Amino acid sequence: MIEKSMTLKADFRHFLDDEGNELALTEQAKTVFKFLTKIVSSVSAHLEQPLIDVDLKCSTRGDGLSCEGRIEAKCIETAVIEWHCDTCEASGTIFNWQGSMWDKQKHTIH
Ligand SMILES: [Zn+2]
């Protein structure tokens, strides 16, 4: 899970092998990666929208509570996705997601 008030800077490639497949990850990394892939696929499918409501609960844990906030995300630069919780301070950025199998932009296949 993502710790409270932590800004997560995630390089998507750290979770993938040379062929773009998911590496054998620890349980914690797997949870984080699943969270990130959901954001990447939601945002890349709706890049024209200024802010995307990702169908994802925050799950940040702190003070014995688990945040029930929802995740909102957007593409802030060509290749950077920024996400944040609408309830707590959890936020982060995702890099190097383009071209991965979770990138839902419509590509021309050659
Ligand atoms: Zn939250």
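This is a predicted model: local features need pLDDT of at least 70, side-chain atom pairs count only at pLDDT 80 or more; totals for chains, interfaces and linings use all residues.
Residues are numbered from 1 along each chain as its sequence is written. Local features need pLDDT of at least 70 and side-chain atom pairs pLDDT 80 or more, while totals for chains, interfaces and linings use all residues; side-chain values use heavy atoms, with hydrogens and water left out.

View 1. Cys58, from the loop between β2 and β3 (61–62), and Cys85, from strand β6, sit 27 residues apart (strands are DSSP E runs of at least two residues; helices are H or I runs of at least four). Both Cys58 and Cys85 are buried (under 20% relative accessible area, 1.4 Å probe, protein chains only).

**View 2. The largest nonpolar core.** This set has 27 residues, namely buried Ala, Val, Leu, Ile, Met, Phe, Trp, Tyr and Cys joined through side-chain atoms within 4.5 Å. Among those touching the most other members are Phe12, Ile71 and Trp83. Helix α1 gives the most, with seven residues. Ile71 is in contact (heavy atoms within 4.5 Å) with residues including Phe35, Ile39, Cys58 and Cys85.

**View 3. Thr37 in helix α1 (residues 27–45).** Thr37 is buried, at 9% relative accessible area. Beyond its neighbours within four places in sequence, Thr37 is in contact with Phe12 and Trp102.

Technical notes: Buried means under 20% relative accessible area, exposed over 50%, partly exposed in between (1.4 Å probe, protein chains only).
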